[in-house]
Amino acid sequence: MGESEVIRLRPRRIRLVCWGSAIALVVLFTVIATTLTGPTGNGYGTFQRGDQVAMIGLGVIFALATLLFTRPRVVADARGVRVRNIVGSYELPWEVVRGIRFDRGAPWAALELYDDDLLPMVALQAADKQLAVDGVRTLRRLHQAHLAALAERVAGR
């Protein structure tokens with residue numbers, strides 16, 4: 001691993017599912033909107049063009065909300081790691097990271113910090129199987145390289 005190498009990790013399966021779901025939501029709400037014609041169920045009103053547009057708008061909003069789940073990613077380099085989850089982003093130097101965990105049965109990997117906190121990395125999901133395992137191994141190698149460089153600097157003083 002080079003000193004300036006940047007590692008970028010994103011989930012694969014959830015992105016496919018979310019994009020497919022988002023498209024399906026827009027299509028479904030558009031189909032529903034086209035069927036909104038004539039009188040309402042109780043007969044006191046009629047569906048207007050605005051109701052159809054509103055229904056399509058709801059489909060777009062739900063699709064965009066679904067696409068929030070494609071947001072997670074991890075970017076790491078020799079200096080540290082940046083984690084972006086569905087909600088929230090963190091930028092940490094390697095000095096505060098004790099290790100990278102991917103416990104059996106866990107839905108995603110996590111950074112174990114020296115203050116005993118666990119920071120989930122939703123981008124490295126168990127559903128991605130080998131892709132997630134390879135990502136965790138890459139992060140561990142980068143972390144170990146940083147620890148070795150740090151130990152070398154301390155020993156050189």
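Begin by selecting Asp116, which is exposed, with a relative accessible area of 59%. Asp116 sits in the loop between strand 6 and strand 7. Its phi is positive, at about 70°, although Asp116 is not a glycine. Most residues other than glycine have a negative phi.

The model is predicted: local features require pLDDT of at least 70 and side-chain atom pairs pLDDT 80 or more, while totals for chains, interfaces and linings use all residues. Numbering starts from 1 along each chain as its sequence is written, and side-chain values rest on heavy atoms, with hydrogens and water left out.

**The whole chain**

Display the complete chain as a cartoon. Three helices and seven strands are present; helices (H or I, at least four residues) and strands (E, at least two) are DSSP runs, numbered from the N terminus. Read from the N terminus, their order is β-α-α-β-β-β-β-β-β-α.

The chain has a radius of gyration of 23 Å, whereas a compact globule of 157 residues would have one near 15 Å. The radius is taken over C-alpha atoms, and the globule rule is 2.2 Å times the number of residues to the power 0.38. Of the 157 residues, 31% count as buried. Among contacts (heavy atoms within 4.5 Å) with a separation of 6 or more, 47% are between residues 24 or more positions apart.

**The largest nonpolar core**

Next, select Val74, Val81, Trp94, Leu111, Met121 and Leu139: of the 20 residues in the largest nonpolar core, these touch the most other members. At least two core residues come from each of strand 1 (7-9), strand 2 (73-76), strand 3 (80-84), strand 5 (97-101), strand 6 (108-113), strand 7 and helix 3. Strand 7 contributes the most, with four residues. A nonpolar core here is a set of buried Ala, Val, Leu, Ile, Met, Phe, Trp, Tyr and Cys residues joined through side-chain atoms within 4.5 Å.

Centre the view on Val81. Not counting residues up to four places away in sequence, Val81 touches Val74, Val75, Ala76, Tyr90, Glu91, Leu92, Trp94, Val97 and Leu111.

**Salt bridges**

The whole structure contains five salt bridges, each defined as a side-chain nitrogen of Lys or Arg within 4 Å of a carboxyl oxygen of Asp or Glu. Select Asp77 and Arg79, whose closest N and O atoms are 3.1 Å apart in a salt bridge. Asp77 counts as buried, at 7% relative accessibility, while Arg79 is exposed, at 62%.

Move to Arg98 and Glu112, a salt bridge with its closest N and O atoms 3.2 Å apart. Arg98 lies in strand 5 and Glu112 in strand 6, so this pair ties together parts 14 residues apart in sequence. Arg98 itself is partly exposed, at 34% relative accessibility. Returning to Asp116 shows another salt bridge with Arg98, the closest N and O atoms being 3.1 Å apart. Because Asp116 is in the loop between strand 6 and strand 7 and Arg98 is in strand 5, the pair ties together parts 18 residues apart in sequence. Elsewhere, salt bridges that share partners join Asp77, Arg79 and Arg82 into one network.

Select Asp128, in the loop between strand 7 (118-125) and helix 3 (130-155). Asp128 is buried yet has no salt bridge, and the nearest side chain of opposite charge, Arg13, is 5.0 Å away. For charge, Lys and Arg count as positive and Asp and Glu as negative; His and the chain ends are not counted. A polar atom of the Asp128 side chain does lie 2.8 Å from the backbone nitrogen of Arg13. Leaving out residues up to four places away in sequence, Asp128 touches Pro11, Arg12, Arg13 and Ala123.

Now select Lys129, in the loop between strand 7 and helix 3. Lys129 has a phi near 45°, a positive value in a residue other than glycine, and is exposed at 54% relative accessibility.

**Helix 2**

Finish at Asp51, in helix 2 (residues 49-67). Asp51 is partly exposed, with a relative accessible area of 33%. Neighbours within four places in sequence aside, Asp51 is in contact with Leu36 and Thr46. Draw a distance from the C-alpha atom of Asp51 to that of Val136: these residues are 85 apart along the chain, and the two atoms are separated by 48 Å.

Methods: Buried < 20%, exposed > 50% of the residue type's maximum accessible area, 1.4 Å probe, protein only. Polar contact = N/O pair within 3.5 Å; in protein donor to acceptor, adjacent residues only side chain to side chain.
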